[in-house]
Amino acid sequence: LSGANAAPGTYTLKLYIGDEMQSTTVDLQADPRVEAPLAAYQSQEAMLTALDQMLTQMHDDVNYVRTVKKELKWAQKRLDEDDELSSEAQDLMDKIVVWEEKIIQPKQKTFQDVINFHNKLGADMIYLKSYIDSDDPEPTQGAQERFDDLSDQWNAIVDEKKSIDKAIATFNAAYL
């Protein structure tokens, strides 16, 4: 995802080339055509930052569980199909798929697939981020309510992932 609007203020820019670093400060001014208090810009920036953090964690977690699924498939190939661990690996993969499908829609392959397959939490957050990231910095009450709703959904999914992480650790201990 691209970066978002930043609130007016003084920022330090740093450029690293190898071990060398150059820095300078910039004073970011508000658009003079927009009449909004600094608090509105700060509220917008806080909400956008929180969404970016959730989306980053979300994508990192999805990539992680996809790696785990591949490793479980690899382990399953090396186990007897009658082995209890093989069954546990399959159960864990099934849990991961259900968890993952709450976040992303893996069936969407082209831009037209949104017609056939409903978007999930990640897409809803990306849409909200693009809605909030506008020239009018004052987040609407509806945007705040939607942000709160999506945050609650994400927190519940994070809790579910903790149980998956425990199941992964249990499987690893039994497999090794």
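1. Tyr-16 counts as exposed, because its relative accessibility is 53% and the exposed class begins over 50%. The model is a predicted one, and this value, like the others below, is computed from it.

2. Where does Tyr-16 lie? Tyr-16 is part of strand S1, which covers residues 9–17. In space, the C-alpha of Tyr-16 is 29 Å from the C-alpha of Lys-129. Along the sequence, Tyr-16 and Lys-129 are 113 residues apart.

3. Strand S1 is paired with strand S2, residues 20–28. The two strands run antiparallel, and nine bridges join them. Ile-17 has Glu-20 of S2 standing opposite. S1 and S2 make a hairpin, with two residues between the strands. One feature of the turn can be checked by eye: Gly-18 has a positive phi, about 65°.

4. The next points concern helix packing. Two packed helices are described by the angle between their axes and by the distance between those axes. Helix H1 spans residues 38–77 and helix H2 spans residues 84–100. Their axes are 10 Å apart, and the helices pack at an angle of about 160°. H1 is therefore roughly antiparallel to H2, since angles over 145 degrees are placed in that class. The crossing of H1 past H2 is left-handed.

5. Which residues of H1 and H2 meet? On the H1 side they include Asp-61, Val-62, Val-65, Arg-66 and Leu-72. On the H2 side they include Ser-86, Leu-92, Met-93, Ile-96 and Trp-99. By type, the residues of this contact between H1 and H2 divide into ten nonpolar, three polar and five charged.

6. H1 also packs with helix H4, residues 141–175. Here the angle is about 25° and the axes lie 11 Å apart. H1 is therefore roughly parallel to H4, because the angle falls under 35 degrees. H1 passes H4 in a left-handed crossing. The residues in the contact of H1 with H4 comprise 18 nonpolar, three polar and three charged.

7. Is Gln-53 buried or exposed? Gln-53, which has its place in helix H1, is exposed because its relative accessible area is 53%. The chain separates Gln-53 from Ala-169 by 116 residues. Between the C-alpha atoms of Gln-53 and Ala-169 the separation is 25 Å.

Terms used:
Residues are numbered from 1 along each chain as its sequence is written. This is a predicted model: local features need pLDDT of at least 70, side-chain atom pairs count only at pLDDT 80 or more; totals for chains, interfaces and linings use all residues. Side-chain values use heavy atoms; hydrogens and water are left out. Axes are lines fitted to C-alpha atoms, for helices over the stretch in contact, and angles run from 0 to 180 degrees between N-to-C directions. Helices (H or I, at least four residues) and strands (E, at least two) are DSSP runs, numbered from the N terminus. Angles under 35 degrees count as roughly parallel, over 145 as roughly antiparallel, 65 to 115 as roughly perpendicular and the rest as oblique. A crossing is left-handed if the near helix is turned anticlockwise from the far one by less than a right angle, and right-handed if clockwise. Contact means heavy atoms within 4.5 Å. Ala, Val, Leu, Ile, Met, Phe, Trp, Tyr, Cys and Pro count as nonpolar, Asp, Glu, Lys and Arg as charged, and the others, Gly among them, as polar. Buried means under 20% relative accessible area, exposed over 50%, partly exposed in between (1.4 Å probe, protein chains only). Two strands pair if DSSP finds at least two bridges between them.
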